[in-house]
Amino acid sequence: MTKQRKKIYKRKRYLLPAILIVLLIAFRIALPYIVKNYVNKVLADIPGYYGQVEDIDLSLITGAYTIDHLYLNKVNAGSQIPFLDFEKTNISIEWSSLLKGKVVSEINMTRPTVIYVFEDQQKESEDDADIDDWSKALTDLVPIDINKLEIHGGKMAFVQLTADPNIDLHLDQIELYATNLRNVVRTEARLPSNLSADAISIGGGNLHLEGQMDLVKQIPDMDLALSLENANATALNDFTDHYAGIDFDKGTFNLYSELAIADGYLKGYLKPILKDTKLIGKEDAFLETLWEGFVGFFKFVLKNHKQNTLATKVPIEGDLNDVKTKTWPTVTNIFKNAWIKAFKGIVDNDIEFENVQETAKKKSKGEKDKG
């Protein structure tokens, strides 16, 4: 081999790796833009909605990526309020599960906001989408199953703009932890996933939610308990005035609830408690006097005088396609609180997942026998 040929060979030997390195670097630089364009296309193609992301950062070594400022708005909505607005979402492989032979992801969300505008979600048109359309599109952005979810500083709000003044029921400072969602850690428990959440409600109340779930099932099983305590009742005035024509001059609002779902059958209750409240009504001379007398009479009859509380317990039971509250038990529970005993300011712990599961089995067996 001549010297000239040796030089050409050496050049080719170093040139090809150099070209490959340059191409890899170029691909790495271009990859976030490729992924960003893909994500924006997915969000833009959701029926009835339109969304975009501001930026996407990738870490190929750790298998993680960060989505900055993802938003999703409802198309043809009567408001300009975003439906979803996620400030920062970190998505990564859960390494602890990888050691167990499971490839799953964990998501850490910073200050996500979900705003449900009543009027926008109630509109019906050919372009309107089912909730499955946007929720499936968002989950498709995560290439592998989610096993752990964390939310920090989140917000959720229900807004009704046609009310005067506007109704804004919201939860702020949401801190949520959900683990073992894909049942990576095998246990004997029927409900393997754990959920815990805390938030500050409208009126400065403290909300706590905890429970267990089984999200692997098509219709998830769950056993949840919720408490909302010491919310200023006057913060509910926009809501209560619009729907019931009453305002609170003072007092605190508390809410306790349990909910269990087993094999598609649901059972639970809502227990609202008003304490040390003073109601005010319409400000029209005679009507005002009549209203205050009406409110005063029923407060006297319905409240527990020793603890100065007004409360009821609303049972909820049925399958997920026909969930309804029961009217007469609600009424009798009001009088039970007034004249027999006060409802305790705690979760009752009288909704057992096993009992709901047994009811679901009996209901299913009865339908089969009829068939």
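Strand 4 (residues 105–117) and strand 5 (residues 146–160) run parallel, joined by eleven bridges. The model is a predicted one.

Follow Ile-151 to the next strand. Its bridge partner in strand 6 is Leu-176. The sense of pairing here is antiparallel: strand 5 and strand 6 (residues 167–179) share ten bridges. How many residues does the hairpin between strand 5 and strand 6 run through? Six residues make the link.

In a regular strand, side chains alternate between the two faces of the sheet.

Now turn to strand 2 (residues 64–74), where Tyr-65 is found. Is Tyr-65 buried or exposed? Its relative accessibility is 14%, and buried means under 20%, so Tyr-65 counts as buried. Ser-92 is 27 residues away from Tyr-65 in sequence. In space, the two C-alpha atoms are 6.5 Å apart.

The last stop is helix 1 (residues 3–44), which holds Asn-40. Asn-40 has 10% relative accessibility and therefore counts as buried. Which residues does Asn-40 touch, leaving out those up to four places away in sequence? They are Gly-51, Gln-52 and Val-53. Asn-40 itself lies in helix 1, which ends at residue 44.

How values were computed: Residues are numbered from 1 along each chain as its sequence is written. This is a predicted model: local features need pLDDT of at least 70, side-chain atom pairs count only at pLDDT 80 or more; totals for chains, interfaces and linings use all residues. Side-chain values use heavy atoms; hydrogens and water are left out. Helices (H or I, at least four residues) and strands (E, at least two) are DSSP runs, numbered from the N terminus. Buried means under 20% relative accessible area, exposed over 50%, partly exposed in between (1.4 Å probe, protein chains only). Contact means heavy atoms within 4.5 Å. Two strands pair if DSSP finds at least two bridges between them.
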